[in-house]
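Please read the following points with the structure open beside them.

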Amino acid sequence: MPHSQTSAPRDGILKGRLARGASPWLLPTVATAAISLVRARRAPKLGVAAAVAVPTTALAAGMLWFFRDPEREISQGRVISPADGVVQSIMPWKDGRTRVAIFMSPLNVHVNRAPLAGTVTSVEHIPGGFVPAFNKESENNERVVWHFDTELGDIEMIQIAGAVARRIVPYVPQGTKVEQGERIGLIRFGSRVDIYLPEGVEVDVEVGQKTVAGVTRIDRG
């Protein structure tokens with residue numbers, strides 16, 4: 001029977017680090033918040049400075065949370081989840097594979113991890129739209145298609161941008177050997193990650209189940 005839920009580890013930003021690729025969003029926000037706080041402290045009676053400091057500081061704090069990249073103790077298993085999120089759909093494919101789609105909300109960790117150990121055989125960026133990731137039409141969104149040569153053969157994984165996530169940042173190029181659970185890329189803000197299990201590999205998650213990248217096992221041993 002599939003596991004009913006997988007609880008997220010207690011590994012907030014204080015026990016981790018910030019995601020690579022967050023700088024273009026994070027640095028301007030933090031700098032603006034710092035400047036507004038300094039101005040507000042120097043002129044405490046100036047209503048405009050204080051009014052700017054509060055929302056910019058809150059936004060900077062939110063960005064730090066969004067781009068957290070906690071350390072994880074990688075689980076054992078043939079295929080582990082590449083993303084934090086919720087299983088949105090499990091769909092048999094025409095070629096015998098099974099697609100597991102994981103929806104990532106803006107509150108999830110946005111760093112994706114290798115589902116298996118192997119060699120990255122291709123990393124292909126495909127331009128597209130930016131409809132919400134929970135929409136069926138999101139399959140035509142901006143995306144990056146990964147292929148891994150693994151002990152199970154070719155494994156395909158797709159990072160799909162959402163309505164807010166306008167940039168996918170791969171961490172490793174074609175030809176790289178990766179370990180299971182290794183960080184391989186970032187999707188900024190909410191989005192979706194699809195993984196295709198080879199024919200004969202049974203799924204051990206269910207729709208609505210929470211997943212944790214590097215921790216939740218996807219296949220049934």
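1. A residue counts as buried when its relative accessible area is under 20%, as exposed when the value is over 50%, and as partly exposed in between. In this predicted model, Tyr-196 has a relative accessibility of 6%, so Tyr-196 counts as buried. Trp-93, at 31%, is therefore partly exposed.

2. The structure contains 2 aromatic pairs. In one of them, Trp-93 and Tyr-196 have ring centres 5.4 Å apart and planes at 75°, so this pair is edge-to-face. The two residues lie 103 positions apart and link distant parts of the chain: Trp-93 belongs to the loop between strand 3 (85–92) and strand 4 (98–104), whereas Tyr-196 belongs to strand 12 (residues 191–197).

3. Trp-146 and Phe-148 form a stacked aromatic pair, with 5.9 Å from centre to centre and 5° between the planes. Both Trp-146 and Phe-148 are buried.

4. Strand 12 also holds Asp-194. Is Asp-194 buried or exposed? Its relative accessible area is 2%, so Asp-194 is buried. Leaving aside residues up to four places away in sequence, Asp-194 touches several residues, including Arg-99, Ile-102, Glu-156 and Ile-160. The side chains of Asp-194 and Arg-192 are joined by a polar contact of 2.7 Å. Pro-82 is 112 residues from Asp-194 in sequence, yet their C-alpha atoms are 8.7 Å apart.

5. The average pLDDT of the protein is 79, and 63% of the residues score at least 70. Over residues 1–15 the pLDDT is below 50, although this stretch has 31 contacts in the model beyond near neighbours in sequence.

Conventions
Residues numbered from 1 in each chain as written. Predicted model: local features only at pLDDT ≥ 70, side-chain atom pairs only at ≥ 80, totals over all residues. Heavy atoms only, no water. Phe/Tyr/Trp six-rings, centres within 6.5 Å; stacked < 30°, edge-to-face > 60°. Helix = DSSP H or I, 4+ residues; strand = E, 2+ residues; numbered from the N terminus. Buried < 20%, exposed > 50% of the residue type's maximum accessible area, 1.4 Å probe, protein only. pLDDT = per-residue confidence, 0-100. Contact = heavy atoms within 4.5 Å. Polar contact = N/O pair within 3.5 Å; in protein donor to acceptor, adjacent residues only side chain to side chain.
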